[in-house]
Amino acid sequence: MDEQAAHETTAHETTAHTPGEQEPIEHDPAEISYDEQRYPARPRRLRPRDQMRGGSLRRFASDPRTANGTNPAYVEWLVRQSMLKDADVLGRQLSGQPSMWRNPYARPDARRAIETTDVWFTAYPISLITRPGESFLQALGEDALWRTFERIGITGIHTGPVKRAGGITDWQQTPSVDGHFDRISTQIDPEFGDEAAFRRLADVAESHGGSVIDDIVPGHTGKGADFRLAEMAYKDYPGIYHMVEIQPEDWNLLPDVPEGRDSVNLDADRERELSARGYIIGELQRVIFYTPGVKETNWSATAPVTGTDGVERRWVYLHYFKEGQPSINWLDPTFAGMRLVIGDALHSLGDLGTSALRLDANGFLGVEKSAEGLPAWSEGHPLSQAANHIIAGMVRKVGGFTFQELNLTMEDIRDTAAVGADLSYDFVTRPAYHHALATADTEFLRLALMTSLETGVEPAQLVHGMQNHDELTYELVHWATTHRDDVYPFRHGEISGHDLAALIRAELTEVLTVAADYNLPFTQNGIACTTASLVAATQGKPRLEDITEADVPGIRDAHLLLAKYNAWQPGVFALSGWDLTGALTLPADDVRSLIASGDTRWIERGAHDLLDVAPEATRSAAGMPRARSLYGPLPTQLTDPRSFASGLRSLLRVRREHGIATASQIDVPSVGHPSMLVLVHRLDGGDRRIEDAPLQLTVLNFSAESIDATVRSECLVPRSGVTDAETGEAVARVDDLQSFPLHLGPYQGRFFLLTDPDPEDDAHPVTRTMPIIPRTAG
């Protein structure tokens, strides 16, 4: 096949991981496209997807001979699997087209994104129980599921990563090492479905007023075709990665690679020696997923690899995360890494029909050598901001939006969001609200909320998530790094940021993992748990078998409190199938092989059945054991007004009716009871110029006890009425001290609206001044 013909192939049209398959699978040109439905008045030639689908890409397999760079058939086979080759084809299909100039793209717009979809279901492909023979994507595209979501108030699905991931060894694909976040192809993994099922999902979602959100991973790939070609020094492929060729005379500086492995992590001594000799930039600011003997640095060395020129090479490559996730180089002269990522994004948006993309680990896109003796600059780097601007700008250019998972300081989140993604995941308050529940004390949560506002990170910019596939992250980067030496008022004293972070981590660990054996620490990053298992631990349940049916109402009420915290403030609200079904963690023995390497997060990823489609199933199609569900399937829950799903439906109705998602947070006042949290919002749609917009208060009790307290804020107008939005009940009137009394039951949350002062009350103030009569002598 000549070079031009190779450009007409695609990674997403066939499965080509076994040599010998010759028949490509092509699109049906008569198939109605997502964009044809989305833009009914637009001529076909001007619709983004149709412009991209003009040149169908095909896959061909080659014969199984020697699997190294000396075999042209093997090299060509790898090229056809590669994301970089697909990116070149996909990019040309949109280049020079009028659709690329229709949308504003320079500035993030959180509220525009929220108006597209503001309540998300975050799926995890390997954990969803489906009907026998039904794929994950087919299950998500079921009309019955979307009718259920519509009843509850869910408007979007974040699919999670569904494209091929893992690696390639010789002619075979190897499994993912990180839950499909080690992507190696634009092709949908057959384990989850195919492109037709994805497009149907997008169409069904739109018919119910919903949207689909996909993922891209701009920070790394897996060890797929692109990495294998890079190891072979083939064309632009080494430019995709932060990888450095080590000269043969210095191979003695590299560790031996054991039989059956293709690379091995460097220890700190070798890292320093290679840095001293000018090969690598050496130590970075931190080692994510640090594990002695497994990952002690962010660098690994490859075994000898035969290149396309017949030369044997060894490389050292950067990986912020696991060894199987080589980091992408965003400033290589070939710009190969940038091309790969942008091509993957265009495929999801233009060809699959998604409305938005999650940017995974996008805060680690720049790395630079620092002064002698200091770690390399790898977090908060300006290149990360520039790269995010490019990615997010391209996505906005084709009509979508992005959100980022950026667990860095609040300043870094603010600065990156100023030009990059439209929304950011709420690492700002997520560990803080868990700490509030664990301790029945909201002081750290209030500190985090106020610090966020003062820093310039508004809650409307955030995706307030409950459980997802990751651990409860408690690194508290803001406090533990840049602000480690700053002093904060806390518990009637003062404490440094470093000590504050250490204290919060210690208290969370004690309550959630020491006092409860079913939640587990995850490296140095956080705690593996579900929301239900977290709540159970805070309620004093030491073992899974101690959690009985009698405990479910209390767990449900605390779970709904956390839902109200996340949903009754500006921004996106996100929750998962584990939340909807009240899933507990899996017994460690059920996933022993998966957690053997130290990745304890597998205990929180149990299988769940949303619609009760396979009640007898003990595992998902991917093999995940079924988790114990406290709440049951959604159809059953929706027949019970006291269920979690029914409570969720009620609180989301209030959220929707009063437009809290796009409001402005204006105060997080001090409270008279440690378990209480008060959030004050102006329902202005984000336009702070509307100073007379109605005020709203979210008031929450993070304890299992009833409390009587006073709500006070300088934003409250004296004599305003206070109405409960859920019941319509007038509960109080603001006094002249800008306060009102309130009773809250255990784990109760209330959504208050303030009404205008009654003019008739002006002559009869709620509180009156008392004349002071001086005592006279005599």
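Predicted model: local features only at pLDDT ≥ 70, side-chain atom pairs only at ≥ 80, totals over all residues.
Residues are numbered from 1 along each chain as its sequence is written, and side-chain values rest on heavy atoms, with hydrogens and water left out.

Strands of a sheet pair through backbone hydrogen bonds, either parallel or antiparallel. Helices (H or I, at least four residues) and strands (E, at least two) were taken as DSSP runs numbered from the N terminus, and two strands were treated as paired if DSSP finds at least two bridges between them. On this basis, 8 strands form a closed barrel in the order 1-2-7-13-14-15-16-22, with parallel pairing, and the twist from one strand to the next averages 30°.

An open sheet of 6 strands has the order 23-24-25-30-27-28, and its pairing is antiparallel. Strand 23 (664–667) and strand 28 (730–733) stand at the edges with a single partner strand each, so one side of each is left without a neighbour in the sheet. In this sheet, too, the twist averages 30° from one strand to the next. Strand 25 (residues 695–701) and strand 30 (residues 749–755) run antiparallel and are joined by 5 bridges, with Gln696 opposite Leu753 in strand 30.

Helix 12 (residues 336–352) packs against helix 13 (residues 382–397) at an angle of about 25°, and their axes are 10 Å apart. Axes are lines fitted to C-alpha atoms, for helices over the stretch in contact, and angles run from 0 to 180 degrees between N-to-C directions. Helix 12 is therefore roughly parallel to helix 13, a term that covers angles under 35 degrees.

Rolling a probe the size of a water molecule over the atoms shows where empty space is left. On a 1 Å grid over the protein atoms alone, a cavity is a set of points where a 1.4 Å probe fits but cannot get out, whereas a pocket is an open set with protein on both sides within 12 Å along at least five of seven lines; lining residues have an atom within 4 Å of a point. The largest pocket has a volume of about 1200 Å³, and of its 43 lining residues, Lys223, Arg261, Asp262, Ser263 and Glu323 are the closest to its centre. Strand 9 gives the largest share of this lining, 3 residues. The second largest pocket, with a volume of about 580 Å³, is lined by 23 residues, and Arg286, Glu379, Val477, Ala480 and Thr481 lie nearest its centre.

The count of cavities of 30 Å³ or more comes to 11. The largest cavity has a volume of about 380 Å³ and is lined by 24 residues, of which Phe289, Phe321, Asp360, Glu405 and Asp470 are the closest to its centre. The second largest cavity holds about 150 Å³ of space; 21 residues line the second largest cavity, and the closest to its centre are Thr122, Ala123, His158, Asn468 and His469. Strand 1 and strand 22 (572–576) each give two or more residues to this lining, and the largest share, 3 residues, comes from strand 22.

Notes
Points joined across faces, edges and corners; volume = space filled by probe spheres on them. Parallel < 35°, antiparallel > 145°, perpendicular 65-115°, else oblique.
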